[in-house]
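Please look through the structure shown here together with its sequence. The briefing that follows goes through it topic by topic.

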Amino acid sequence: MPAWLVTLGWAVLKASLILGFVLFNALFLVWWERKFAARIQSRVGPQRTGRPFGYLQSMADVFKLLSKEDVVPARVDRWMYVLAPIVIFVPAVLVYVVVPFGPNLIVQDLNIGILYVAAVTSFTMIAIVMAGWAANNKYSVVSAMRAAAQLVAYEVPLVLAVIGPVMLAGTLSLQGIVRAQEGLWYIVVQPLGFLVFLTAGMAELNRAPFDLSEAESELVAGYNIEYSGMRWSFFFLAEFSNLVAVSAIATTLFLGGWQAPWFLPAAVKGLIPPVVWFLAKTYFLVTVIMWIRWTLPRVRIDQLLDFGWKFLLPVSLANIALTGLLFPVLVRLGWI
Amino acid sequence: MEAAVTRNRSFRDFLIYLYRAARAIVLGHAVTLKHLFRRPVTIRYPEEEYHATPWHRTYPALVIDEATRELKCTACMSCERACPPGIIAIERAQGEDKKTYPGEFWIDMLRCMECGICVEVCPFDALEMVPEYKMTAYHPDDGIFDKERLAVVVRGPKTPWPRRKGSYLEGGWPT
């Protein structure tokens with residue numbers, strides 16, 4: 001077999017696996033979020049489609065979305081309108097290229113992994129502005145503007161929060177950062193960084209309490225207001241894909257990725273495969289983010305920007321300074 | 001009260017503000033976590049039933065006198081005149097003893113707003129709001145209740161509110 005065919009085969013296999021993972025996640029998390037939200041509100045959630053727990057609810061949603069008419073409103077900017085769902089979905093999948101699911105289970109361990117993540121995820125903003133502008137709807141434009149302001153504001157603390165683990169591990173490669181956490185997870189030495197990352201990550205996800213760009217009570221639906229059927233579901237897929245991606249990156253940076261908890265004895269560590277650890281931690285973080293969503297009310301736009309620029313940014317800078325100051329101490333203690 | 005965000009805040013105020021915000025956020029999450037592990041209050045209707053209390057006032061029904069086993073209604077038409085949506089239709093009939101009684105009595109339950117005015121105006125206490133709530137039908141005609149469907153025996157004085165721990169539902173909380 002020629003070498004290029006082997007490369008192509010591997011590429012197609014990896015891409016299909018990642019796509020499958022993303023789609024499965026969306027199916028599972030839609031159901032999970034609905035059940036979770038329902039229980040928080042003392043309801044039962046979906047239960048009739050697929051008994052006992054309504055586990056086929058997402059499949060029913062998929063068939064509904066697939067069978068819907070593909071409506072393109074008359075006065076939209078056609079090219080941008082058609083392209084926006086693709087532009088938002090592609091980066092959401094591309095992030096998974098560098099996510100280390102296990103010691104060898106990674107598409108490509110880039111040596112600038114975390115930089116790549118920051119670069120790829122910022123495409124989301126372009127897609128949102130495209131969708132908002134193209135739809136030729138005042139609500140969607142307002143939503144897109146809000147999303148732009150919000151994403152620019154929170155991209156900065158997000159990247160600055162990432163610098164802490166990078167400093168400790170001495171590498172930008174996600175796999176390298178995970179390996180460096182064998183002795184101790186970075187959440188122990190970087191609690192501030194973790195909180196900043198989670199908060200800014202939630203803002204990047206446009207998730208409550210930072211869901212200003214899709215504030216249904218103010219803006220009808222947000223930037224995806226004119227979309228329906230399969231095009232709309234691409235936004236939805238991207239949202240859930242990004243949710244898992246942020247959780248996965250947070251797991252990688254702060255919760256030791258696929259490493260078992262450091263305090264467990266070696267015999268116990270060997271029992272559970274690394275990929276299970278990774279997925280368990282990721283879904284735990286996803287659930288925490290959902291928990292936050294169903295607890296806190298939405299912030300105002302001025303509060304949002306104040307919080308991003310005047311609080312998170314200084315805190316993340318302080319975190320970097322603290323990390324630098326404590327670095328020799330941690331090395332002396334043998335923690336890193 | 002949380003202090004409003006003002007411009008000239010001292011650093012101490014800021015720290016207090018921060019502490020309060022953090023405390024509120026943590027407490028809020030504790031509340032939602034508590035609710036997460038509580039039993040849902042939803043009653044899954046066709047499988048589980050809502051046990052309405054005897055004094056639950058859902059729709060008007062014709063009262064049968066327990067002694068005579070006859071309808072108390074004398075077809076005086078007060079309710080027909082008072083009904084705001086005008087959905088009560090009565091055909092007055094007269095017995096051999098010259099007493100009037102409703103030959104036919106219809107209420108269009110599809111349009112009934114369950115206001116209870118017919119019950120209020122009835123001079124003979126011949127109408128009563130009853131706890132029955134299963135009124136679904138497969139055909140609109142079945143939503144128009146006739147005399148037979150409306151006739152119920154209202155038994156004695158209504159029992160007091162059951163103060164049993166854990167429920168306002170006679171059957172207890174759904175599982």
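In this predicted model, A:Asp61 and A:Arg34 form a salt bridge in which the closest N and O atoms are 3.5 Å apart. Because A:Asp61 lies in helix α2 (residues 57-66) of chain A and A:Arg34 in helix α1 of chain A, the pair ties together parts that are 27 residues apart in sequence.

**Salt bridges**

- A search of the whole structure finds 8 salt bridges over all chains.
- A:Asp70 forms a salt bridge with A:Arg231, with the closest N and O atoms 2.8 Å apart; since A:Asp70 lies in the loop between α2 and α3 (78-94) of chain A and A:Arg231 in helix α11 (residues 229-254) of chain A, this pair ties together parts that are 161 residues apart in sequence.
- Of these two residues, A:Asp70 is partly exposed, with a relative accessible area of 47%, whereas A:Arg231 is buried, with a relative accessible area of 16%.
- In chain B, the side chains of B:Arg111 and B:Asp108 meet in a salt bridge at 3.7 Å, N to O, where B:Arg111 is exposed at 51% relative accessible area and B:Asp108 counts as buried at 13%.
- A:Glu33, A:Arg207 and A:Arg293 are joined into one network by salt bridges that share partners.

**Interface of chain A and chain B**

- Contacts link 15 residues of chain A with 18 residues of chain B, and the area buried between the two chains is about 1,500 Å², of which carbon and sulfur atoms give 63%.
- A:Arg39, A:Ser42 and A:Trp291 supply 37% of the area that chain A buries against chain B, more than any other three residues.
- Across this interface the rule finds 0 salt bridges, while 5 residue pairs, both at pLDDT 80 or more, are in polar contact.
- On the side of chain A that touches chain B, α1 (3-40) and α13 (274-293) of chain A each supply at least two residues, and the largest share, 3 residues, comes from α1(A).

**Strands and cysteines of chain B**

- Strand β2 (residues 88-94) and strand β3 (residues 100-108) of chain B pair in the antiparallel sense over 7 bridges, and B:Ile88 has B:Ile107 as its bridge partner in β3(B).
- The hairpin of β2(B) and β3(B) has 5 residues between the strands, and B:Lys98 takes a positive phi near 70° there.
- The count comes to 0 disulfides over all chains; the sulfur of B:Cys76 is 5.9 Å from the closest cysteine sulfur, in B:Cys122, which is too far for a bond.
- B:Cys79 is likewise in no disulfide, with the nearest cysteine sulfur, that of B:Cys73, 6.2 Å away.

Key: Residues are numbered from 1 along each chain as its sequence is written. Chains are lettered from A and ligands numbered from 1 in the order in which they are written. Side-chain values use heavy atoms; hydrogens and water are left out. A disulfide is a pair of cysteine sulfur atoms within 2.5 Å. Two strands pair if DSSP finds at least two bridges between them. Helices (H or I, at least four residues) and strands (E, at least two) are DSSP runs, numbered from the N terminus. Contact means heavy atoms within 4.5 Å. Buried area is the accessible area (1.4 Å probe) that two parts lose on being put together, summed over both. A salt bridge is a side-chain nitrogen of Lys or Arg within 4 Å of a carboxyl oxygen of Asp or Glu. A polar contact is a pair of N or O atoms within 3.5 Å; within protein, one must be able to donate a hydrogen and the other to accept it, and residues adjacent in sequence count only if both atoms are side-chain atoms. Buried means under 20% relative accessible area, exposed over 50%, partly exposed in between (1.4 Å probe, protein chains only).
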